[in-house]
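Hi everyone, thanks for coming. Today I'd like to walk you through a few strands and a few aromatic rings. Please have a look at the screen.

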Amino acid sequence: MRLLGKTPVRVGLLVLVLFAATACGARATDEPAGDAARQPAPGGEELWGKQYVLTKATVDGKPHTLVADTVLSLQFTDDRRVVANAGCNTMGGPLSLDEGRVVVQGLSTTEMGCPGPLDEQDDWLAGFLDSEPTWQLTEESGLTLRAGRTELLLTDKAVAEPARPLVGTLWTMDTLIDGETASSTTAGVPPATVRFTETEVEVFTGCNSGSAGYRFASGQATIEQLVLTRKACSPDVMRQEQAVVGVMSGTVELTVDSDMLTIDHPSGKGLRLRAE
C-alpha cells in the first residue's frame, strides 16, 4: 500500500469487495441556501455506509468512456473512508464530506500491476478524487461528483447491479489471485467453473470435474475434500487445476458483489468468478 499526493500519480492493483447502496433525497451543492431540499446533511450523513457505481462520465462536455468491461465504484464506509475502484487497483483514504466537497486525506492504493489502459484509468480516478470534487445527491439523479470540467454520475449499486444468488448460479473463473498478483485465464485453457448447491460445491477445473460437501456460515464456507476425476491434460490446464484445487479447500471467505464471486483462501490465493 502506498500514499498518493494531491496530484495524479501512477497507481497500481487489487480485488475489492464493495457494499450495496441506497440513494437519499438530499444533496450538497454550492447553490443558495434557500433551496432546503438541496442542502447537505452535516458531514454528508446520507452517504456513509453506501456504495455507488458510475453510469455516465463527461469530460469537457463530452462523454468519457471507461476501459471495456470495467466498472467504476465508490464506497463510503461507516468509519468515514472512501474506497474506490475503476477495474484494477483499489484506492481510498479517510474522507470528509463537509461543505459539499469530497476531501480525501492521504489517498492510498494497492500496487498490483495492470495493463496500460487500466493503469491510466486508475491514474485518472486518483487525480479526480485528489481534486476535491463537489457532490450532489438527489432521488432523481443519484450521486453527482464534479471537479473542473469533469462530471461523474453514479447510481445506487443495489439498484444498478443487484447481487446474484450464491447457490444455483454457475460461476465462471475470471481471475486467479496469488497475494498481490492477479492473472486472467490463459489463452486456450477452458475456464474453471464453480456451482454451489444447498449441500455441495461442484467444480470444473478446466480439465477434471468433481464435487465436495461444504458448510456455510457468516460469509465463510468450510469445504470438505474435493473429489475429482483423474484425466490428464496439457501443462497449462494442469497448472490452472492445481491453483483452483488449492483455493477450493478448507475454510474460505465468499463475497458476492453484483455478478462477481470472490473466493479468498487464508493462504492469500483466491478466485474471482463471474456469473453466467
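Let's start with a term: two strands count as paired if DSSP finds at least two bridges between them. Keep in mind that this is a predicted model.

Now find strand β14, residues 193-196. On one side of our story is strand β12, residues 170-178, which runs antiparallel to β14 and is joined to it by three bridges. Here L170 stands opposite R195 of β14.

Next comes strand β15, residues 200-204, which pairs with β14 over four bridges, again in the antiparallel sense. Within that pairing, F196 has V201 of β15 as its bridge partner. β14 and β15 make a hairpin, with three residues between them.

On to the rings. How many aromatic pairs does the structure hold? There are two. In one of them, the ring centres of Y52 and F76 are 6.4 Å apart and the planes meet at 70°; an angle over 60 degrees counts as edge-to-face, so that is what we call this pair. Y52 sits in strand β2 and F76 in strand β4, so the pair ties together parts 24 residues apart in sequence. Both Y52 and F76 are buried.

The other pair brings back F196, this time with Y214: their centres are 5.1 Å apart and their planes at 75°, so this pair is edge-to-face too. It links F196 in β14 with Y214 in strand β16, 18 residues apart.

Are these two residues buried or exposed? F196 is buried, with a relative accessible area of 0%. Y214 has 9% relative accessibility, and buried means under 20%, so Y214 counts as buried as well.

Technical notes
Residues numbered from 1 in each chain as written. Predicted model: local features only at pLDDT ≥ 70, side-chain atom pairs only at ≥ 80, totals over all residues. Heavy atoms only, no water. Helix = DSSP H or I, 4+ residues; strand = E, 2+ residues; numbered from the N terminus. Phe/Tyr/Trp six-rings, centres within 6.5 Å; stacked < 30°, edge-to-face > 60°. Buried < 20%, exposed > 50% of the residue type's maximum accessible area, 1.4 Å probe, protein only.
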